[in-house]
Amino acid sequence: MEKTIAINAGSSSLKFQLYDMPSETVITAGIVERIGLKDSIFTISVGDEKIKEVTDIPDHEVAVQMLLDKLISHNIISSYDEITGVGHRVVHGGEKFTESVYITDQVIADIEALSELAPLHNPANVTGIRAFRKVLPNIVAVAVFDTAFHQTMPPSSYLYSLPYNYYEDYGIRKYGFHGTSHKYVTERASDLLGRPQEELRLITCHLGNGASIAAIEGGKSMDTSMGFTPLAGVSMGTRSGNIDPALVPFIMEKTGKSAEQVLDVLNKESGMLGVSGISSDLRDLESEAAKGNDRAELALDVFVDGIHKYIGSYAARMNGVDAIIFTAGIGENSSYIRERVLRGLEFMGVYWDPALNQVRGVEAFLNYPHSPVKVIIIPTNEELMIARDVEVIRAQR
Ligand code: ADP
C-alpha cells in the first residue's frame with residue numbers, strides 16, 4: 001500500500017491530505033494551525049469524525065512529527081514506511097519552474113531565491129519542505145508550483161508595458177497564480193466534454209477568497225488575471241484587484257501612509273470588504289444585499305462586473321470559447337454570482353438554464369444542450385493534483 005501526502009504549508013499553518021495511491025482515495029485530511037504560537041490547534045479527520053487537539057506546537061518540524069504520530073495512533077498507518085511520497089505546494093516558481101519537480105538541495109535554494117517574489121509564501125513553503133525532509137528523509141518529495149501552469153503564456157500576455165530591462169533585470173512580469181487549480185479543471189473539463197484539451201478554448205474562473213480568471217487554449221494557459229503578485233485582476237475578498245497604479249502615491253499623500261501600508265490596504269482592506277464595509281465573505285454579502293444593504297450590493301456589482309469583463313476579453317483573446325468553468329468556494333457554491341456573471345453573454349453564444357444553476361459543490365453543466373458555449377461547475381482539487389504529480393515523479397525515479 002502506497003500513500004502520498006499533499007502538504008500546503010503557511011507561515012503558521014500546515015494543511016495535509018493523505019492519499020492511497022494509485023486509487024486516489026483520501027484516507028485522512030487535516031490542518032495544524034497557530035504553529036509557533038500558544039495553543040496551537042491540530043485537527044485531523046478519522047472516519048467521519050474530526051478530532052481536534054489544542055497544544056503548543058513550536059515549529060513545523062514538531063507539527064510534522066505530531067502528524068505522523070497521530071497517523072499511527074489513530075491506526076491510519078501502521079508504520080512510517082507506508083508513506084512513499086510527499087508533495088509540497090509552493091506558491092512561486094518564477095520562470096525557473098514550469099512543472100513540478102523532485103526536491104533536491106538545489107531546488108530548495110532556488111525556491112528560497114524566489115522569496116523576493118513571494119515574501120510571505122515561499123519561505124513558509126520551504127519551512128514545510130525542510131520539516132518533512134528532517135522527519136522523513138527517505139521518501140520522494142516533490143514541489144508543485146502555483147505559477148507553473150501559466151508559464152506557457154506568450155510574452156504579449158505576461159509583459160507589462162514598462163521599460164524592457166525591468167523584466168530582464170528584476171523579473172517584473174505577469175506570473176499568474178492558482179495554476180494547479182486552473183490545470184485541474186482544464187483536465188476535468190476535457191473529460192466531461194469528451195474532447196481533447198488540444199481542441200478546447202476554455203475560460204476558467206477560480207472564485208474563492210482569492211479569485212483569478214484564465215484563458216486556456218489547447219490545454220495551455222494563454223492569459224490570466226493575476227499578475228506579478230496575487231493582488232492583480234478582479235476584486236476579491238479583501239484584495240483590490242487592478243487599480244490605476246498612480247493611485248498608490250496619491251493615497252500615500254492623502255493618508256500619510258507609507259508604500260508598504262498602502263499595499264497592506266490593497267491586500268487586506270479592499271475588495272468586497274473594502275467596498276461593502278461589512279465583510280469579505282460572500283455569504284455575508286449575499287444575505288446583507290438580500291436585506292437591501294446598498295453597499296453590500298455595490299461590492300457584489302464590482303466583483304461580478306470584473307469577472308464578466310474578463311470573460312468578454314478572454315473570448316476575444318482566443319477568438320471564441322468552448323466552455324466557461326466555475327470553481328473554488330464561490331464558483332462552486334454561489335448560484336447568485338454565477339447567474340449574475342453569466343447574464344448578458346448571449347451575444348457570444350452562452351445560453352444557460354437557471355434551473356440547472358441551482359446546484360452547489362458538484363460537477364454540473366449549466367448550459368442548454370444547444371448552447372454553443374458550455375458552462376460547467378467543476379469543484380477544484382489541488383491536493384489531488386499534487387498527489388498525482390508525486391506519483392508521476394516517483395515512477396520516473
Ligand atoms: P480560499 O481562496 O481561501 O481557498 P475558498 O475557495 O474556500 O477560498 O472560497 C471562499 C469563499 O467562498 C468565501 O467568500 C465564501 O463566502 C464562499 N462560499 C463558500 N461557501 C459558499 C456558499 N455556500 N454560498 C456562497 N458562497 C460560499
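Colleague: How is the protein divided into domains?

Modeller: Domain 1 spans 2-145 and domain 2 spans 195-382. Such bounds come from an automatic or database domain assignment. Taken over C-alpha atoms, the centres of domain 1 and domain 2 are 29 Å apart.

Colleague: What should I know before reading local features?

Modeller: This is a predicted model, where local features need pLDDT of at least 70 and side-chain atom pairs count only at pLDDT 80 or more, while totals for chains, interfaces and linings use all residues. Residues are numbered from 1 along each chain as its sequence is written, and side-chain values use heavy atoms, with hydrogens and water left out.

Colleague: How much space lies in the second largest pocket?

Modeller: First the idea. On a 1 Å grid over the protein atoms alone, a pocket is an open set of points where a 1.4 Å probe fits, with protein on both sides within 12 Å along at least five of seven lines. Points are joined across faces, edges and corners, and the volume is the space filled by probe spheres set on them. Here the second largest pocket holds about 420 Å³.

Colleague: Which residues lie nearest its centre?

Modeller: Lining residues have an atom within 4 Å of a point. This pocket has 20 of them, and Thr-98, Glu-99, Ser-100, Lys-183 and Asp-389 lie nearest the centre. Elements giving two or more residues are strand S8 (140-145), helix H6 (179-193), strand S11 (220-224) and helix H14 (382-396). H14 gives the most, with five residues. Helices (H or I, at least four residues) and strands (E, at least two) are DSSP runs, numbered from the N terminus.

Colleague: Where does this pocket lie relative to the domains?

Modeller: Both domain 1 and domain 2 give residues to its lining, so the second largest pocket lies between them.

Colleague: Which residues surround the ligand?

Modeller: A residue counts as near if one of its heavy atoms lies within 4 Å of the molecule. Among those around the ligand are Gly-208, Asn-209, Asp-281, Arg-283 and Arg-360. Helix H12 (328-333) and helix H10 (282-290) each give two or more residues to the shell. H12 gives the most, with four.

Colleague: How much of the ligand's accessible area does the protein cover?

Modeller: Areas come from the Shrake-Rupley method with a 1.4 Å probe. On its own the ligand has 580 Å², and the protein covers 72% of that.
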